[in-house]
Amino acid sequence: MSNSYPIARVVLDTRLPQLDRLFDYAIEPGVEVTPGVRVKVPLRSNARFAPGWVHSVVDNSEHKGKLAPLAEVVSQAQVMPERLYDLCDEVARRCAGSISDVLRLAIPPRYVRVEKAWLSREESPVPAGGDTDQRASLEIPTWEVYAGKSAEDMLEPGTRWSLSTPYGVVEVPQGATVPRSTMPIVSLATTALSRGQSTIIVVPDWRDLESFQKALESSLAPEGLAFLHTQQPPAQRYQNYLRTLQPQPVVVLGSRHAIYAPVSNLAAIVVLEDGDEAHREPLAPYPHTRDIATIRAGQDNAALIFASMTPSYAVRRWIDMGYVSPVAPTTSSRAKVVPTALTTSHDSFSSPARLPSLAVLGAKEALTRGPVLIQVFRAGYSSGLACEACGERGMCRECHGPLRLPRQSSSPSCAWCGVTVSAWSCQECRGSRLVPRGQGIGRTVADFGKTFPGVTIIRSDGEHPVASVGAQPALVVATRGSEPIAHGGYSAALLLDGPAMLSRESLGTLEDTLREWERAVALVNPDGTVYLTDVEGPPALAMSAGNHDQLVRLELSERESIRLPPAVRIASLSGPASDVAPIVASVIGSCAGVSSLGPVPVGGGVVRTILRFSYAQGAEVARELKAWRNKLASGPRKTAGERVKIVLDDPHSLDALTSE
């Protein structure tokens with residue numbers, strides 16, 4: 001039967017993978033429908049309606065029967081422009097996921113009051129090129145001195161860069177202290193805005209958000225900025241998302257979801273510290289900011305910039321392939337790094353464990369000039385507990401996880417299940433007393449309090465976050481990633497627990513450790529000293545020299561020889577063995593060259609298998625996995641949840657195999 005009405009092609013907002021396609025609905029007379037708007041449509045019967053977005057309005061449909069009409073046009077706000085749909089569709093294909101899952105990450109939930117105000121805004125629209133007066137009055141920070149490259153070079157369409165950010169801190173006009181690493185990125189963003197173009201800056205966590213916000217606000221007017229991150233009130237986040245739909249250029253700053261901001265005339269995408277795990281989306285289909293940025297830069301012909309103290313392994317591989325061009329400052333402002341294990345001095349007096357006398361003397365001298373940073377690995381008071389009588393490690397009776405002390409005066413609790421232990425007895429000697437084993441931040445603070453009496457000690461970790469400290473002498477003890485910014489920079493830093501950080505059973509151990517060390521070094525004055533304790537060998541030499549290239553290239557070479565990421569792509573399949581096995585057999589059978597690791601039991605009747613395949617096979621493998629995902633979802637044993645969890649390109653899925 002023919003349809004005489006215009007037809008809306010709709011992508012459903014659903015978690016059911018079998019509905020991952022466009023559906024056609026008739027547009028009845030008098031109903032105004034434009035691409036990108038939110039709608040509700042009937043599913044199977046008029047008694048059940050599903051939300052969705054209009055992809056397009058067409059005149060013909062491949063469906064031969066009578067089309068059901070749209071149930072409701074929710075709003076006239078075109079929140080899903082075509083360029084956003086195309087991006088999300090490509091991301092879903094790469095991740096073997098559903099486009100509706102990606103759109104749900106990209107488009108914030110609707111707030112009616114905010115949307116109505118945006119639709120009815122009365123101010124005169126600004127031309128697509130932006131406000132000329134505002135652009136002319138921009139204060140563009142001085143471009144860092146990079147070898148032969150200007151900000152204009154970095155903004156050339158289609159270029160790809162690995163930008164080594166400078167060390168140290170700097171004071172912005174409003175008086176706030178921010179990492180100097182923000183300055184070249186702010187310069188790029190303001191340069192692009194002065195040309196009537198937009199920039200997207202994606203950062204890993206709230207500390208980076210705060211620093212970049214201060215740095216950007218020192219150069220840009222509020223109307224030139226849009227912040228998109230999950231810590232915002234939902235209404236404010238939706239308001240800022242609507243701002244990015246307007247034709248005027250804007251600088252977008254945010255966490256991983258900001259990569260989807262549908263800005264017009266995109267000049268550049270900047271991803272800060274792409275190796276940080278915060279850039280991996282924990283929700284299906286589990287995309288990584290680095291991959292989304294690469295796809296989007298290609299679609300929009302924008303410059304792609306990976307900014308970091310040291311390139312991630314993935315970016316280092318791209319540099320060696322010639323796919324990404326490295327750009328570094330001409331002069332270095334990096335503080336001197338001294339690996340204490342490589343020095344010839346000997347401890348001549350009592351000091352806390354993990355703290356050589358050289359570091360103690362250096363910290364005492366530095367305290368006369370300003371604050372000193374102490375970076376530690378573990379949170380809590382103690383990383384573990386042991387029997388006082390025999391030294392046997394204290395384990396939880398419920399799940400056999402390690403016991404720890406969250407605080408010095410608290411009762412022991414399990415690090416895995418959180419159960420508090422009121423009475424404990426050793427399985428070996430029947431002893432009943434536990435003593436701390438290992439050093440957490442709480443015990444470190446207590447030890448330093450004894451060694452440096454009368455010195456102010458500031459603690460910063462997940463439970464006690466501190467954003468910044470003053471220039472007064474103090475010991476600032478922080479877990480990795482929680483280091484506050486010191487006004488004027490730290491006069492010295494002590495990097496503790498290096499052996500513990502490097503001995504973790506994880507594929508990303510070395511990469512993560514080098515990144516966290518360098519981020520701490522970057523907060524120290526150029527004339528300060530950083531003491532790296534108890535670390536020997538290539539990591540210590542690389543930190544001392546300030547050059548990790550040889551160490552990273554060796555690691556990449558070893559990974560290539562044994563087919564590990566980023567030399568190859570991987571897919572993790574977790575679920576019942578009866579479901580995982582046929583998927584693995586099908587993919588290996590249909591895609592030549594694919595190999596598997598596992599299956600390995602991971603508890604609860606679930607097994608995990610890792611598929612390894614080349615980048616050239618990526619599209620083929622993803623299509624096969626998506627077909628199986630849809631098949632399992634619509635089969636006779638279909639359930640609301642995923643029967644097999646499929647995650648592509650997550651190196652941490654290999655960690656589970658090594659830990660079993």
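Colleague: Which two strands form a hairpin with 2 residues between them, and which residue in the turn has a positive phi?

Modeller: This is a predicted model. Strand 28 and strand 29 form the hairpin. Gly604 sits in the turn, with a positive phi of about 65 degrees.

Colleague: How many bridges join strand 28 to strand 29?

Modeller: Start with the general idea. Strands of a sheet pair through backbone hydrogen bonds, either parallel or antiparallel. Here, strand 28 and strand 29 (residues 606-613) run antiparallel and are joined by 6 bridges. Leu597 has Ile610 of strand 29 as its bridge partner. Ser595 stands opposite Arg612 in strand 29.

Colleague: What joins strand 27 to strand 29?

Modeller: 8 bridges, again with antiparallel strands. Leu573 has its bridge partner in strand 29, at Thr609.

Colleague: In what order do the 4 strands of the open sheet stand?

Modeller: The order is 28-29-27-30, with antiparallel pairing. Strand 28 (595-603) and strand 30 (645-648) are at the edges. Each has a single partner strand, so one side of each lacks a neighbour in the sheet. From one strand to the next, the twist averages 15 degrees.

Colleague: Which helices pack on the sheet?

Modeller: Helix 17 (residues 577-590) touches strand 27 (569-576), strand 28 and strand 29. Its direction makes about 150 degrees with that of strand 27. Helix 18 (residues 618-634) touches strand 27, strand 29 and strand 30. The direction of helix 18 makes about 165 degrees with that of strand 30.

Colleague: Is strand 29 mostly covered or uncovered?

Modeller: Mostly covered: 7 of its 8 residues are buried.

Colleague: Now the nonpolar core. Which residues have the most contacts inside the largest one?

Modeller: The general idea again. In soluble globular proteins, nonpolar side chains tend to be buried together. In this model, the largest nonpolar core has 51 residues. Val79, Leu103, Ile107, Val252 and Tyr260 have the most contacts inside it. Helix 1 (residues 82-95) gives the largest share of this core, 7 residues.

Colleague: What does Tyr260 touch?

Modeller: Leaving out residues up to four places away in sequence, its contacts include Leu84, Leu87, Cys88, Val91, Pro287 and Arg296.

Colleague: How many disulfides does the structure hold?

Modeller: A disulfide is a covalent bond between the sulfur atoms of two cysteines. This structure holds 0.

Colleague: Are Cys95 and Cys426 buried or exposed?

Modeller: Cys95 counts as buried, at 10% relative accessibility. Cys426 is buried too, with a relative accessible area of 0%.

Technical notes. Residues are numbered from 1 along each chain as its sequence is written. This is a predicted model: local features need pLDDT of at least 70, side-chain atom pairs count only at pLDDT 80 or more; totals for chains, interfaces and linings use all residues. Side-chain values use heavy atoms; hydrogens and water are left out. A disulfide is a pair of cysteine sulfur atoms within 2.5 Å. Buried means under 20% relative accessible area, exposed over 50%, partly exposed in between (1.4 Å probe, protein chains only). A nonpolar core is a set of buried Ala, Val, Leu, Ile, Met, Phe, Trp, Tyr and Cys residues joined through side-chain atoms within 4.5 Å. Contact means heavy atoms within 4.5 Å. Two strands pair if DSSP finds at least two bridges between them. Axes are lines fitted to C-alpha atoms, for helices over the stretch in contact, and angles run from 0 to 180 degrees between N-to-C directions.
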